Amino acid sequence: ATTPAPAPAPAPVKSHRAQLAWNELRNIFVACDLGSFLPEAWELDPQHERSLAASGISPDAAAAAGIISLGHHWLQKLGIARNAYEIGERLCVFFYLDPWGRPYTHTLDDGTETPFCRARLNSPRGNQKYTQPKDSGIRPYFPRVPAMGQWAKRAGYDDGSETATGYPELDAIVSEGEKKSLKATLDGFPTIGVGGVWNFKGHD
């Protein structure tokens, strides 16, 4: 008997509005000479879409915030360790921006400057749910949402962008996790995320 062919992988989630939001975000990275580390086309794997939806985050909001599903080629460029995923597997990647909406960066061992990001593992390893480039340290996570520029203008801060982060002039909450902080910010509570409550702990 012939072996049945494996079922095709579910089609990734795509959205015209999400693509427009991704284009706007990617242009920021291009202006910082970091555009080559982000694909032009935005996609989100169904399992990643479901995980974000469970936290109240839509595909459009994910794209605007710099969340995307990436495979081996892009993960390797970003410095994500090969042992964190299987070939053919894609991870949900969260790009980090500073309070002014510019990409945080990290320098790899070969001297390449890359955008700083963290990737959520599809299958947690013990207590580990995320991975990031080796020796990249920690960064605060400032969610980028469409309304942030409007809030910033009301607070007297305006750089001309409707979607720029406005944290320099806004009171903000601090929370553990990228998804929690993004959801709270989307709901009107500007929140700075910390990628794991033990990320302050050193090797010693």
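Two strands count as paired if DSSP finds at least two bridges between them. In this predicted model, strand β2 (residues 91-95) and strand β5 (residues 117-125) meet that condition, joined by four bridges in the antiparallel sense. Within this pair, Val93 stands opposite Ala119 of β5.

The β2-β5 pair belongs to an open sheet of four strands, ordered β1-β2-β5-β6 and paired antiparallel. At its edges stand β1 and β6, each with a single partner strand, so one side of each has no neighbour in the sheet. Ignoring direction, neighbouring strands of the sheet are turned by 35° against each other on average.

The strands of the sheet cover these residues:

| Strand | Residues |
|---|---|
| β1 | residues 67-70 |
| β2 | residues 91-95 |
| β5 | residues 117-125 |
| β6 | residues 128-131 |

The C-alpha atom of Val145 is separated by 9.8 Å from that of Gly66, although the two residues are 79 residues apart along the chain.

On confidence, the protein has an average pLDDT of 84, and 79% of the residues score at least 70. Over residues 160-164 the pLDDT is below 50, and this stretch has 15 contacts in the model beyond near neighbours in sequence. Where pLDDT is low, the predicted coordinates should not be read in detail.

Methods. Residues numbered from 1 in each chain as written. Predicted model: local features only at pLDDT ≥ 70, side-chain atom pairs only at ≥ 80, totals over all residues. Heavy atoms only, no water. pLDDT = per-residue confidence, 0-100. Contact = heavy atoms within 4.5 Å. Helix = DSSP H or I, 4+ residues; strand = E, 2+ residues; numbered from the N terminus. Axes fitted to C-alpha atoms, helices over the stretch in contact; angles between N-to-C directions.
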